[in-house]
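Here is a friendly note to read with the model open beside you. Take the points one at a time and look up each residue as you go.

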Amino acid sequence: MGLYVEARIRAGLDEVWDRSQLPDRHQRWDLRFSEIDYLPCAPGEPQRFRYATRVLPLLTVDGTGVSAGERNRPDGTRTSALRFSSAHPLSLIEEGRGYWRYVPDGAELRFLTGYDYRPRWGRFGRVVDRLLFRPLMGWATAWSFDRLRLWCERGITPERSLRHALAELFVRIAAVLVTAAVVPVAVAVGPVLAVAGAALLLPPLPVTPAARRCLRRPPERAGRSESAAAPTALLATLEKS
């Protein structure tokens, strides 16, 4: 899979499963989506869904997908696989697939995802994806996973954690601007750079979501990458849907 993100969450398996699998809860913490809705499907069939992302106040990019999950695996883990696509001409993502895994590990739960997609717009789209969009998607996934962690561990709702993040961003930017305005021009460069560096490098507050708290590369386990544990059987089932 092209992108990998893992968060360690001190919460129960059922709680994390519900908040990531139920559309009305999932869309609250995942920065990548504004709306997620289940579509009608026959009993026993994989669940079809619609997703949408509000790019601008009057512009929404949407797509559809299908997912299937295994809640009762012999090893005590749970897995969800999905396939998705978008016919919207402004969506850089044409189609893709991925998985989520829920792995109990002592008092913590390893909540991880691996996914990849094919960009549209030909060579231009591939360049934009590699230089801008894919890094942004990786950051947004990790930031959102930490937002979910704060909700599960500390009871900080996604709406409240977003306010924390915006307030902290405002304070950091304001510190740089105030320093630039107060320090004399002749000596401003050094102090401004120092404050800007601190604003960029200082760790976020414990109540603020941060992508840096998540693992962004699959760990090596038993001589193979964790990404090799993708639910191939579930993904194969979705390919036939």
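The points below cover the cores, the pockets and the salt bridges.

1. Before you start. This is a predicted model, in which local features need pLDDT of at least 70 and side-chain atom pairs count only at pLDDT 80 or more, while totals for chains, interfaces and linings use all residues. Residues are numbered from 1 along each chain as its sequence is written, and side-chain values use heavy atoms, with hydrogens and water left out.

2. The main core. A nonpolar core is a set of buried Ala, Val, Leu, Ile, Met, Phe, Trp, Tyr and Cys residues joined through side-chain atoms within 4.5 Å; buried means under 20% relative accessible area, exposed over 50%, and partly exposed in between, with a 1.4 Å probe and protein chains only. The largest such core holds 21 residues, and Ile9, Val16, Trp29, Tyr102, Phe111, Phe145 and Leu148 have the most contacts inside it. At least two residues each come from strand 1 (3-9), helix 1 (13-21), strand 6 (93-105), strand 7 (108-119) and helix 3 (122-154). Helices (H or I, at least four residues) and strands (E, at least two) are DSSP runs, numbered from the N terminus. Which helix gives the most to this core? Helix 3 does, with six residues.

3. The largest pocket. On a 1 Å grid over the protein atoms alone, a pocket is an open set of points where a 1.4 Å probe fits, with protein on both sides within 12 Å along at least five of seven lines; lining residues have an atom within 4 Å of a point. Grid points are joined across faces, edges and corners, and a volume is the space filled by probe spheres set on the points. The largest pocket has a volume of about 1200 Å³. Its lining has 47 residues, with Arg32, Phe33, Tyr51, Thr53 and Met137 nearest the centre. Helix 3 gives the most to this lining, with seven residues. The lining divides into 30 nonpolar, twelve polar and five charged residues; here Ala, Val, Leu, Ile, Met, Phe, Trp, Tyr, Cys and Pro count as nonpolar, Asp, Glu, Lys and Arg as charged, and the others, Gly among them, as polar.

4. The second largest pocket. This pocket has about 490 Å³ of space and is lined by 18 residues, of which Trp139, Trp143, Leu169, Pro204 and Pro209 lie nearest its centre. Helix 4 gives the most to the lining, with seven residues. The lining residues are 14 nonpolar, one polar and three charged.

5. Salt bridges. A salt bridge is a side-chain nitrogen of Lys or Arg within 4 Å of a carboxyl oxygen of Asp or Glu, and the count comes to 22. One of them joins Arg8 and Asp105 at 2.3 Å, N to O; Arg8 is in strand 1 and Asp105 in strand 6, 97 residues apart. Another joins Asp14 and Arg78 at 2.6 Å, N to O.
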